[in-house]
Amino acid sequence: MIDFYGEALMRMSAAFATIYLVALGHSLFELSGVLDLSIDGVFFLSTGLAVLFSAQLHTSLTTLGVDPLICTTLASVLTGLVTALIGLFLAFILTVLPISHGAVGLSLMFLGYGLGIYAGYPVRLKYGSIAQFAYPENIVVYSLTLLVSLALGLTTYRMLYSTAIGAMIRACGEDPHAASALGVVVYRTRLIACGLGYFMVGVGGSIFTLLWLRYWDIRSYVLGYGWFAYTIALAAGRHPLILIPFAGVFGALLEFNISIQATYGLPVDLAGMIPFIAAIALMTLYGSTKLKRLFEPPRGLGKIYYKEERTI
Amino acid sequence: MKITILKRKKELKYGAVIASLLSILFGITIYLVIIGLFGVNLVEAINILGKSFISPTIMKDFLIIYVMGCGLLLSFKASLWNIGGEGQFYIAMIPGIVITLLLFNPETSSTTVPAFIVVLLVIITGSVVGAVWAAVAGTLKAFMNIDEVPVTLILNYIAYYLVNHLVSGPLKGKKTYGYLRTDEIPGIYRLNIILPITRTGNQFEEAVYSFLTQVSYYIALLVTAIAISVFTWWLFKYTKLGLYIKIMGSNPEYLYATGVNTKMLTLLIMALSGSIIGLSGSLYLLVEWGRIPYGIQSHTPGYGYLAILASWLSMLDHRLLPVSAYLVAGLRNTGLSIKIAGLGDTEQTLIILGSVLLGYSITRFIADYEVKIR
């Protein structure tokens, strides 16, 4: 029997893993210089895909004796792979073609919302609740998710700051022309960063619906959690380690919103505002200190990388 | 494989038009492939798509997206990315409700203030509130160099929650048949001219009449769109501020070096952008909604984001903005028509917007560049 605190800790782990993975993936993506305005659409798409894959895998594989946990985990990985493909697509076209990162990103955001509904809605309609396809409510599963997301964060940190590929990713983000002159293949480097980044966004989205909420609804796309992760990543300077406390605090604010509301007798909509106000307050706080310089965005972020000749 | 992309030395004859048409066709193909995969009847969908772009119902969306697009264009030209049109649009509706229902409601008080003064007050306060909401991000950007993109984005959600809170609390309606929303604003403050329904039996005559019906119903939006259009043209063509905005977008250091207070300029541009969006929000309340429903994020057509797209697709050229606003409005209209025809649901609007605009954004560059593959 899980007590109140155990359950709170479990839900907190799921909230943290979701926010952290999405913000981490987004950070890796943007550190390569590609502006990521499709984040909210891709996040919602990943929630729909996770539900679809999980339902399909459960109904087809569990009859063959495959463990339901394996089916759900596979669904998360598959979701990550599909979103990774989107990341590769974005990295490719935004590096090879002289086109607006912002316009492509926002277009893809709408497409992500629409496709997310296409993916998730039939499952919702057929089964009602998706809890049967979700991860088991088990402290081991929640702890493992927490550990895996932290491990991914540490690995990303090591990769970014201690390896050649990390240096190349950051160089592409700062000045892709200079990086190219030094021998870095910009589009290949961005393919790696954006593919890996969006893999993590996809897995984060699947955890949101299959572990944290254990619920999927067509209206989830108006929640803005993708934008929320975007802001957290920005506030933490897209740094994998600094993101950890940020994701923890804001995950808690989102998760315990209802408790805060009940404890302080706040109206539901005022309580809903708290995480968003806190995010702006945080940005204002660090904007007024020396931390601002540390957290500055890559200088080449969102700028069109125009180069006459490219070898593909 | 070698891809060579060269900037065109000579402008392509009718390049912008050809590129735009090809891009739209490419985008529509993406859309049709997607919905075809999900089993939607493509012939019916194409039919609806064609009709939606010439349907009179496109009027409202076009006008709102155009006005908001002008507001956003002002800030975008200065490289100030105001992504907060959604929030500025809805928060600007609040004074409209307070003024028409609480302060000057002829049904509950013996107000002697003429209706046009009240309407003017609604529009002015709506603009001011939109300006103030945008100025929050402008202040943080100007004085603390905090990125305006996440701030304006987050302010959208804060605006949603704040409007919801007010609608379910202090502004909650009494005559709403159990629905959670504000009361409807008194008819004397509504800005529509409603023409009587006429059936002549002639299809062409009825189409023209239907168009005129839409024009008269949205006459206030039309007049505003023309006024804002002239204002934008005048601002960029004849004023110092317009010149500053353009230089701010390309070389802000130059402005600073010439003694211009770039901080105050940043604040001013954001506020001006927000005020035009606020104006459109208060007009939308007076012309279309008449009340504010609860759960604004579920009711929003997403004009704030659609106007961003229209603005970007115009390449930040206010002369092209009517075309891009029409394109975006047409796509939204198609999605709604497909939903009405029973070929899909909410996702149709989102997918058609996303796929066509994605196709457009990707291929639009061929107007300015030539591509050689070896």
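Chain A has a secondary structure of 13 helices and one strand, where helices (H or I, at least four residues) and strands (E, at least two) are DSSP runs numbered from the N terminus. The order of elements, read from the N terminus, is α-α-α-α-α-α-α-α-α-α-α-α-α-β.

Before I continue, a word on conventions. This is a predicted model, in which local features need pLDDT of at least 70 and side-chain atom pairs count only at pLDDT 80 or more, while totals for chains, interfaces and linings use all residues. Residues are numbered from 1 along each chain as its sequence is written, chains are lettered from A and ligands numbered from 1 in the order in which they are written, and side-chain values use heavy atoms, with hydrogens and water left out.

Let me stay with chain A. Its radius of gyration is 19 Å, close to the 20 Å that the globule rule gives for 312 residues, so chain A is as compact as a globular protein of that length. That radius is taken over C-alpha atoms, and the rule is 2.2 Å times the number of residues to the power 0.38. Along the principal axes, the C-alpha atoms of chain A fill a box of roughly 60 × 50 × 35 Å. Of the 312 residues of chain A, 57% count as buried; buried means under 20% relative accessible area, exposed over 50%, and partly exposed in between, with a 1.4 Å probe and protein chains only. Among contacts in chain A between residues at least 6 apart in sequence, 81% join residues at least 24 apart, a contact being heavy atoms within 4.5 Å.

I turn now to the aromatic residues. A search of the whole structure finds 35 aromatic pairs over all chains. Rings of Phe, Tyr and Trp (its six-membered ring) pair if their centres lie within 6.5 Å; planes under 30 degrees apart count as stacked, over 60 as edge-to-face and the rest as tilted. A:W212 and A:Y225 form a stacked pair, at 6.0 Å centre to centre and 25° between the planes. This pair links helix 8 (residues 186-212) of chain A, which holds A:W212, with helix 9 (residues 225-235), which holds A:Y225, the two being 13 residues apart. Both A:W212 and A:Y225 are buried.

In chain B, B:W81 and B:W312 form a tilted pair, 6.2 Å centre to centre with 45° between the planes. B:W81 lies in the loop between helix 3 (58-77) and helix 4 (85-91) of chain B, and B:W312 in helix 14 (residues 303-313), 231 residues apart. B:W81 is partly exposed, with a relative accessible area of 27%, whereas B:W312 counts as buried at 13%.

One aromatic cluster includes A:F228, A:F250 and A:F276 as well as B:F89, B:Y157 and B:W289.

Helix 8 (residues 203-217) of chain B has 15 residues and reaches 21 Å from its first C-alpha to its last, close to the 21 Å expected at 1.5 Å a residue; the expected span is 1.5 Å times one less than the number of residues. In this helix, B:Q214, B:V215 and B:S216 are buried, and their cover includes helix 3 and helix 9 (219-238) of chain B.

B:A159 is found in helix 7 (residues 148-168) of chain B. B:A159 is buried, with a relative accessible area of 0%. Leaving aside residues up to four places away in sequence, B:A159 touches B:G87, B:I91 and B:W133.
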